[in-house]
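This report looks at one interface between two protein chains.

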Amino acid sequence: MAKELKLMKGNEAIAEAAIRSGCDGYFGYPITPQSEVMEYLMAEKPWERTGMVVLQAESETSSINMVYGGAGVGKKVMTSSSSPGISLMQEGLTYLAGAELPAIIANVVRGGPGLGTIQPSQADYFQATKGGGHGDYQLFVLAPATVQEMYDFVFLGWEIAFKYRNPVMILSDGAIGQVMEKLYVGDYVPRWTDEELKKNAPWASYGKPANREHHIITSLELDSAKQEEHNHKLQAKYREMEEKEVRFETIDCEDADYIFVAYGSSARIAQKAIQLGREKGIKVGLLRPITLFPFPKKPIAEFSKKVKGILTVEMSAGQMVEDVRLAAEFRCPVEHFGRYGGIIHTPHEVLEALEEKIIKAK
Amino acid sequence: MAIKGEVVIDKERCKGCGVCVVACPNKVLALAKNVNGKGYNYSEAVIDDCIGCASCAMVCPDGVITVYKTKL
Amino acid sequence: MFNPDIVKPENLVYKRTDVLTKAVMHYCPGCGHGTTHRIVAEVIEEMGIQDKAICIAPVGCSVLAYNYFEVDSLGAAHGRAPALATAIQRLFPDHHTFTYQGDGDLAAIGTAETIHACNRGENIVIIFINNGIYGMTGGQMAPTTLIGMKTATSPYGRTVELNGYPLQITELLAELPGTYYVTRQSVHTAAAVRKTKRAIRQAFENQKNKKGTSFVEVVSNCNSGWKMTAPKANEWMVENMFVKYPIGDIKVDGEKVK
């Protein structure tokens with residue numbers, strides 16, 4: 001595969017990835033700090049490059065329902081937004097999950113609650129990984145830490161979304177959305193032809209040929225027995241994801257007495273904190289979850305048997321820490337550190353927190 | 001020569017709403033005294049004056065009326 | 001009464017279209033939804049577009065519309081049907097995407113989606129059933145409920161002081177440059193049904209010719225919600241609904257009808 005080196009913002013990388021990954025349609029609504037996604041697309045005119053449709057909707061409610069429509073007819077469609085906009089999309093997300101529709105939703109998280117701030121945050125972890133809208137459902141959640149991953153996870157997102165017929169969320173934050181980094185972009189994946197669509201999304205409502213029953217895309221089932229059966233099916237799918245699709249990365253964990261668990265921007269900060277810690281003789285490593293759902297429970301459980309303590313680092317008041325504690329099952333101390341409301345913690349603060357909350361507290 | 005029509009009503013699907021009764025220009029239709037399996041007084045032709053205009057079928061929400069017409 | 005000499009295939013004048021499924025519709029006896037479904041399906045059959053028709057069902061009484069149209073369908077969240085249709089028609093420009101929505105869905109919770117889809121001139125067909133009430137949830141007040149009309153949430157009759165005015169959304173949409181065809185019809189008599197079917201045909205023909213948004217309002221009855229028999233409800237509709245919602249074309253070929 002031919003690789004081309006580029007310098008881009010994380011938001012632009014998502015947009016370029018959309019075009020190159022054979023996306024059929026992007027439907028969005030402006031919100032800081034992710035507006036560059038649609039700005040880039042509109043400037044690039046992907047309808048000329050690949051035939052991809054790009055449309056600015058009247059609201060996030062509308063854009064996510066455009067995604068629902070496009071996904072329902074078997075097209076590769078996506079949207080992006082930031083926290084308040086994602087809150088507005090929760091209705092569409094639960095419908096997508098209920099109707100088992102593949103789609104990509106990128107959340108470039110900003111500080112909340114409410115209108116909050118426009119600075120980076122990771123306080124949407126609960127919303128992304130615990131459902132968010134009503135009903136028992138899961139999004140598949142990918143957490144990029146680099147601009148390269150913003151790009152790569154769009155490609156990965158399509159694979160997962162269509163394999164499991166499930167919406168995929170790319171959960172990044174304002175820092176990764178705005179930062180400019182080098183990245184490699186690869187060859188174009190062509191958009192599906194109508195024939196490929198019918199093969200890859202045979203369940204879709206793309207127009208009824210004479211030789212088959214009509215397709216119905218819906219999340220409604222009034223018969224409770226059937227609705228429960230449908231829920232069983234969804235749960236089985238989520239368990240399969242937990243079985244097969246967990247992704248994570250470990251850094252300097254081989255000899256670690258302590259580990260940080262951090263994703264996205266916080267993982268990058270934690271990496272620097274590892275360096276600072278090791279300079280002081282503290283053997284600390286990092287486990288970086290790449291999938292937040294399915295969550296890397298097993299590796300965390302394994303580490304909890306070996307290390308003296310775990311510190312989660314999140315730009316929130318402590319959300320992922322709950323999942324880490326559940327995985328560690330009290331085998332070792334698990335504490336949380338994080339700045340929030342749009343503040344990004346420094347590596348020194350992170351190391352200090354490890355010393356205060358874990359090492360000295362022992 | 002006279003135009004002669006005939007309606008065939010799927011009485012089990014008929015909900016007995018009666019809009020066809022009102023729509024018929026020749027008052028051919030009436031709701032039956034009997035009920036169908038769902039308990040509706042279904043529509044039926046009670047006199048032989050159907051001209052096959054299909055007005056009844058036009059207004060039938062459930063599409064239960066099939067209409068035939070010929071010249072006798 | 002039954003005359004086997006007449007009931008022969010060659011004498012067939014009218015039969016239920018196969019673009020409707022065999023399912024018995026759940027609508028109350030005499031409800032205009034069934035009639036409107038029927039003629040939409042007939043138009044799809046006559047135009048030979050069954051393989052390209054995509055039905056977007058709303059939330060409301062017609063939430064299960066997708067069970068009755070023998071075409072590929074999607075059930076939308078409440079009010080969002082025009083957003084779905086926008087995307088689908090843009091992704092499949094030669095398809096015939098249509099929404100089928102009630103007054104609560106289209107003119108209350110989905111007002112933004114409706115207005116913006118129409119304003120963008122999306123090449124979609126919108127079928128709008130206006131019976132001035134929320135039927136499915138048990139007869140509550142709708143944006144189109146008439147002043148004085150009693151509903152479950154306006155039990156003493158709708159008042160301007162408490163609830164504001166009935167929304168004439170169809171006239172409002174006709175003001176938007178994106179709408180190409182805006183009409184208001186009904187399905188309470190055979191003549192009205194034939195006219196409405198012609199209007200629906202016109203809407204789908206416009207779509208075929210990529211003219212923009214075609215919007216067909218069908219003023220309809222709700223005998224259960226209005227607490228009347230079906231024939232009585234149709235009379236009441238003519239005497240009351242038609243005063244606020246007069247029947248006829250509002251915009252044809254992109255021009256307002258004088």
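The model is predicted: local features need pLDDT of at least 70, side-chain atom pairs count only at pLDDT 80 or more, and totals for chains, interfaces and linings use all residues. Residues are numbered from 1 along each chain as its sequence is written, chains are lettered from A in the order in which they are written, and side-chain values use heavy atoms, without hydrogens and water.

| Item | Value |
|---|---|
| Contact residues from chain C | 33 residues |
| Contact residues from chain A | 37 residues |

Contact here means heavy atoms within 4.5 Å. Chain A and chain C bury about 2600 Å² between them, with 64% of it on carbon and sulfur atoms; buried area is the accessible area (1.4 Å probe) lost by two parts on being put together, summed over both. On the chain C side, C:Asp72, C:Leu91 and C:Phe92 lose the most area to chain A, together 25% of what that side buries.

Three salt bridges are found across the interface, a salt bridge being a side-chain nitrogen of Lys or Arg within 4 Å of a carboxyl oxygen of Asp or Glu. A:Glu58 and C:Arg120 meet through their side chains in a salt bridge, at 2.8 Å from N to O.

Strand S9 of chain A (residues 216-217) pairs with S3(C) in the parallel sense over two bridges; strands are DSSP runs (E, at least two residues), numbered from the N terminus, and two strands pair if DSSP finds at least two bridges between them. A:Ile216 has C:Ser73 as its bridge partner in S3(C).

Methods. Helix = DSSP H or I, 4+ residues; strand = E, 2+ residues; numbered from the N terminus.
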